[in-house]
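Dear colleague,

Please find the structure we discussed below.

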Amino acid sequence: MKKTVGILRFLGTNCDRDVWQSVEALGLEAQWLWFEDQFRCEDFTAFIVPGGFSYGDYLRCGALAAKAPVMSSLREAAAKGYPVLGICNGFQILTEAGLLPGALVRNESRKFIDKWVELKIANLAGWATALRSGETLRLPVAHGEGRFYVEDDELKRMHDQGQVWMTYVENINGSVEAIAGVSNRSKNVCGMMPHPERAMFSWMGGEDGRSVLNSLLR
Amino acid sequence: MKIGVKILPKNEVLDTQGRTVENTLRAHQREVNQCRVGKYVQLDINESDETKALARAKEIAEFVLYNPLIETYELEVVKR
């Protein structure tokens, strides 16, 4: 049986096709999960919440998508320990849904940042076994509101639990401790601002995204 | 009854919009100590009792309108 990855789609998601093609490129099957859908967790092996501008970023990035019906199924999958990855706006949605700690606010520079960045893996995520702590990756980012914010006591808790997944080598957006990606306490839900699906082949400018998605989907 | 929800970024959170407006004011000789930019949401609630309308607005604000990690909010009864 082929492994099926559920890809969530909201109104305004725009990295969905890229994620689909990346999943297929890794030899896996993909299935759309529309924002109005409910699903059976058992029919999937992992879930990805892609980037974009769900609900036009109205109110706060990810706030309205976090209340969509599909999220109650995703919440159940997260609680059952299924691997879940949120990318960019997907990361924002997962924090707004309370599945990941912190919040993502406007970049310190007030500019939309669209470039390739160096990242360092700080702690292992549960499923991201192909990524070793201390390893560096080169991936593209594209966001206006990617500055990770968390209060000091919560940050301390995150450190105690090893929930800081990856950091920027150079802090591009003013994130607390240059955090670019985090995980939940049980390490099955992860979020990252960089786009692994945009770094799958050398012709894209790099293929470090492969190791991120590969380990999620194995 | 109309209830207004005033949402402001917390003081600890760098308010990039406020900072930009502040800089522009300074550039035009209209310096202020601080400027913070938030949101205003007006809810028309089908309820004539003020206490009940405020309670409903509070529930709505805490459900989705504001994020307690980064924002604070205040409610007001709109008298017009």
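Predicted model: local features only at pLDDT ≥ 70, side-chain atom pairs only at ≥ 80, totals over all residues.

**The contact between the chains**

Chain A contributes nine residues to the contact and chain B contributes eight residues.

**Chain B**

Chain B has an open sheet of three strands, arranged in the order β2-β1-β3 with antiparallel pairing. Strands β2 (39-44) and β3 (71-77) of chain B are at the edges and have a single partner strand each, so one side of each lacks a neighbour in the sheet. On average, and ignoring direction, neighbouring strands of this sheet are turned by 20° against each other. Helix α2 (residues 50-65) of chain B packs on the sheet and touches β1, β2 and β3 of chain B; the direction of this helix makes about 35° with that of β1(B).

Strand β1 (residues 2-9) of chain B pairs with β2(B) in the antiparallel sense over six bridges. Within that pairing, Ile7(B) has Lys39(B) as its bridge partner in β2(B).

Strand β4 (residues 84-87) of chain A pairs with β11(A) in the parallel sense over four bridges, whereas strand β10 (residues 179-183) of chain A pairs with β11(A) in the antiparallel sense over three bridges. Gly191(A) is the bridge partner in β11(A) of Gly86(A), and also of Val182(A). β10(A) and β11(A) form a hairpin with five residues between them; in the turn, Lys187(A) has a positive phi of about 70°.

**Chain A: helix α2**

Which residues of helix α2 (residues 70-79) of chain A are buried? They are Val70(A), Met71(A), Leu74(A), Ala77(A) and Ala78(A). Viewed down the axis of α2(A), these buried residues fall within an arc of 110°, so they line one face of the helix. In general, an α-helix has 3.6 residues a turn, so residues three or four places apart point the same way.

The buried residues of α2(A) pack against β1 (4-9), β2 (29-34), β3 (46-49), β4 and β11 of chain A. Just after α2(A), Gly81(A) adopts a positive phi of about 95°.

With kind regards

Terms used
Residues numbered from 1 in each chain as written. Chains lettered and ligands numbered in written order. Contact = placed C-beta atoms within 7 Å. Pairing = 2+ DSSP bridges. Helix = DSSP H or I, 4+ residues; strand = E, 2+ residues; numbered from the N terminus. Axes fitted to C-alpha atoms, helices over the stretch in contact; angles between N-to-C directions. Buried ≥ 20, exposed ≤ 12 C-beta atoms within 10 Å, placed from the backbone. Arc of directions from axis to C-beta.
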